[in-house]
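Happy to talk this one through with you. Take a look at the model below, and then we can go over what each label rests on.

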Amino acid sequence: MPEPVLGILTLYLNEAKQLEEKGVYQRMITQGKRIGLDVFVFTPMDVHSSKELIHALVYDPQTGKWSRKWRPFPQMIYDRCRIQRSARFQQLLRFRSKYNHMTFLNRPLRNKWTIHQTFSQKSRFRQHLPETLLYHSSADLLRILKSSPVIYIKPASGTGGRGILRIEKLKDSRGMFDIQGRRQDRRIITPRKVSLSRLNSIVRQWCIGGRFLVQQGIPLRLPGGRFHDYRMLIQKNGQGKWEMTGMAGRIGAARSVTSNLHGGGHAVRAETLLRDWLGSADKADKAMKASEKLGLEAAAFLEDSFGALCELALDLAIDHEGRIYVLEVNPKPAREVFARSGDSETYRKALLRPLEYALWVYKNKNTAPPVSSKTEE
Ligand SMILES: Nc1ncnc2c1ncn2[C@@H]1O[C@H](COP(=O)(O)OP(=O)(O)OP(=O)(O)O)[C@@H](O)[C@H]1O
Ligand SMILES: [Mg+2]
């Protein structure tokens with residue numbers, strides 16, 4: 001019997017047709033072979049719709065070489081495409097809608113604001129959301145500053161810690177605010193102290209040309225001065241069930257208000273970081289268990305709301321009292337955080353799970369999750 005075929009759908013990063021995660025795909029193709037799943041990589045640009053063929057990127061683990069082969073459409077698609085401002089992304093949107101009837105393991109999720117609003121509908125999740133508003137004017141800043149001495153401003157469709165400001169109301173110097181952050185190109189801005197009227201005009205400028213969120217800042221500064229948070233990976237397993245694959249801690253670079261690895265952050269074991277942060281192994285264990293429960297319920301809820309999903313990474317903030325906040329949900333998560341924290345077993349599992357889930361979907365095709373036609377914003 002021929003093996004089931006999974007196509008990894010991705011986007012070229014540039015005209016030179018570079019791929020972001022070639023090494024990851026290489027491992028997935030090799031793992032796929034081992035468990036009886038034929039995996040290839042393609043982008044919408046490689047699809048010849050009139051011939052119903054794909055000029056696919058294939059990898060041969062035996063020779064260790066990549067090559068091109070004409071392949072029929074796969075039975076299942078694993079969508080790894082992240083937002084790009086390019087014609088390639090527009091082509092992807094057309095591909096997704098034209099081939100909407102195909103079996104996608106995962107459908108696009110929505111922007112941060114829509115996800116926030118969706119979670120807010122349920123009290124189960126509302127208690128884990130930082131207070132958040134869509135920025136319209138300085139009145140929104142003032143509203144959150146009233147209840148929270150620290151606020152974050154971030155793009156509604158941002159990624160990788162870009163375009164993020166942290167604003168802190170200073171206690172001792174009346175009416176002054178400390179501003180730190182990262183520009184769209186991730187460069188760290190020079191920290192400064194400003195008055196309220198200056199703050200308002202800086203934020204107005206910052207938010208031109210896009211939608212931005214104003215969010216309650218969760219206190220996450222470690223004793224050494226660096227900021228931290230947690231990355232939790234939730235995936236569907238070989239039985240079609242949601243499972244937590246792992247959780248890692250991220251510690252930001254010096255002078256950085258974000259903890260993203262791309263911004264110079266480093267990864268550590270979640271257990272150790274949490275134990276040091278909360279003061280006991282018992283408290284850390286409780287927080288880990290509560291995070292896992294929250295993650296599993298959040299994944300199931302988002303799948304119900306937006307259509308098929310096979311994995312999600314949650315960026316979690318846990319304050320000194322052990323309260324858990326969802327900062328963000330990533331539907332196309334990188335898994336490098338586990339390789340970097342030294343948790344190679346979790347890294348291995350993180351690559352294998354989508355493949356095992358694909359096999360499950362293949363065997364249970366008639367009961368696979370329903371398709372959704374909603375598009376990414
Ligand atoms: N409300 C907040 N309180 C404290 N820290 C925050 C808050 N929002 C963001 N941060 C810090 O900034 C980082 C980046 O924010 P966020 O995860 O929301 O966006 P992003 O990383 O740019 O998006 P993506 O994860 O999709 O790449 C977080 O990992 C965290 O370190
Ligand atoms: Mg993030």
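**Sheets and ligand shell**

In this predicted model, five strands make up an open, antiparallel sheet in the order E16-E15-E14-E17-E18. Residues are numbered from 1 along each chain as its sequence is written, chains are lettered from A and ligands numbered from 1 in the order in which they are written. The model is predicted, local features need pLDDT of at least 70, side-chain atom pairs count only at pLDDT 80 or more, totals for chains, interfaces and linings use all residues, and side-chain values use heavy atoms, with hydrogens and water left out.

Q: What makes strand E15 (residues 242–251) and E16 a pair?
A: Two strands pair if DSSP finds at least two bridges between them. Four bridges join E15 to E16, so the pair meets that definition. The two run antiparallel, and glycine 249 stands opposite valine 268 in E16.

Q: Which strands form the other open sheet, in what order?
A: Six strands, in the order E8-E13-E9-E10-E11-E12, with antiparallel pairing. Strand E8 (132–134) and strand E12 (192–195) each have a single partner strand, so they are its edges. Within this sheet, E9 and strand E10 (residues 164–169) pair over four bridges, and tyrosine 152 stands opposite arginine 166 in E10.

Q: How do you know that glutamate 328 makes a polar contact with ligand 1?
A: A polar contact is a pair of N or O atoms within 3.5 Å; within protein, one must be able to donate a hydrogen and the other to accept it, and residues adjacent in sequence count only if both atoms are side-chain atoms. An N or O atom in the glutamate 328 side chain is 2.3 Å from an oxygen atom of ligand 1, so this pair qualifies. For the side chain of aspartate 315 the value is 2.9 Å, and for a backbone N or O atom of glycine 161 it is 2.6 Å.

Q: Which residues count as the shell around ligand 1, and which element gives the most?
A: A residue is near a molecule if one of its heavy atoms lies within 4 Å of it. 25 residues surround ligand 1, the closest being Gly160, Gly161, Asp229, Glu328 and Asn330. E18 gives the most, with three residues.
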